[in-house]
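Here is a short briefing on one protein chain. Look through the sequence and the structure before reading on.

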Amino acid sequence: MLSRVAAVFALRGDNILSLQTLRSTGGAQPMTVELSDADAGALIADLTALEDVERATLELSLGTVYGKRVIIIGGRAQVGQVRSGRSARRIGTTSRGERISVDTIPLVGEAALADAVQAVARLPRAQVLVLAGALMGNAITEAVRDIQRQEGLTVASPSTWSARRAMPPTWRW
């Protein structure tokens, strides 16, 4: 089924930004596809013409609904402090009306943190990674360099903040 749906996008020349299959409680396998610059009406008609497609609808993108995604990773206490501290003023919406959602991941151990940092690059809408905690080892540093180089994510840690622990100036929310 996925190959037939993908063929519709390929024939139309649509640019797929993300594709996700969703959990199903029935026999059907729901799928969400985010596109850029597509003629929604014609696309829906093309998809509903496929034999096994029950329904195709136009929905708001997750970025539109939930906004930018900030991921906070570190030790349990540090994650809580970052989440409830100075950054809490910025969570929800900004003065420009942008939406922001925040996920926290309390982890300890260099290997677990390095794996989590690498995984952030695969998360949809993730734009900022906050490393909460002062001790960051070599594997974590290398993982941060990798995702910054490949994905262009903004990464902040206590070592990059000022002595007053103000929000880093590189955060453009």
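At what angle do the axes of helix α1 and helix α2 cross? In this predicted model, the axes of α1 (residues 2-12) and α2 (residues 40-48) cross at roughly 140 degrees and come within 10 Å of each other.

**Helices α1 and α2**
- The crossing of α1 and α2 is right-handed.
- On the α1 side, the residues in contact are V5, V8, F9 and R12.
- On the α2 side, they are A42, L43, D46 and L47.
- By class, this contact has six nonpolar residues, two charged residues and no polar ones.

**Residue R69**
- R69 lies in strand β3, which covers residues 68-74.
- R69 has a relative accessibility of 15%, and it counts as buried because the cut-off is under 20%.
- The side chains of R69 and D103 make a polar contact at 2.5 Å.
- Leaving aside residues up to four places away in sequence, R69 touches S101, D103, L123, P124, R125, A126, Q127 and V128.

**The chain overall**
- The chain has six helices and seven strands.
- Along the sequence, their pattern is α-β-β-α-α-β-α-β-β-α-β-α-β.
- The chain has 173 residues, and 29% of them count as buried.
- Of the contacts between residues at least 6 apart in sequence, 67% join residues at least 24 apart.

Terms used. Residues numbered from 1 in each chain as written. Predicted model: local features only at pLDDT ≥ 70, side-chain atom pairs only at ≥ 80, totals over all residues. Heavy atoms only, no water. Axes fitted to C-alpha atoms, helices over the stretch in contact; angles between N-to-C directions. Helix = DSSP H or I, 4+ residues; strand = E, 2+ residues; numbered from the N terminus. Left-handed = near helix turned anticlockwise from the far one by under 90°. Contact = heavy atoms within 4.5 Å. Nonpolar A, V, L, I, M, F, W, Y, C, P; charged D, E, K, R; others polar. Buried < 20%, exposed > 50% of the residue type's maximum accessible area, 1.4 Å probe, protein only. Polar contact = N/O pair within 3.5 Å; in protein donor to acceptor, adjacent residues only side chain to side chain.
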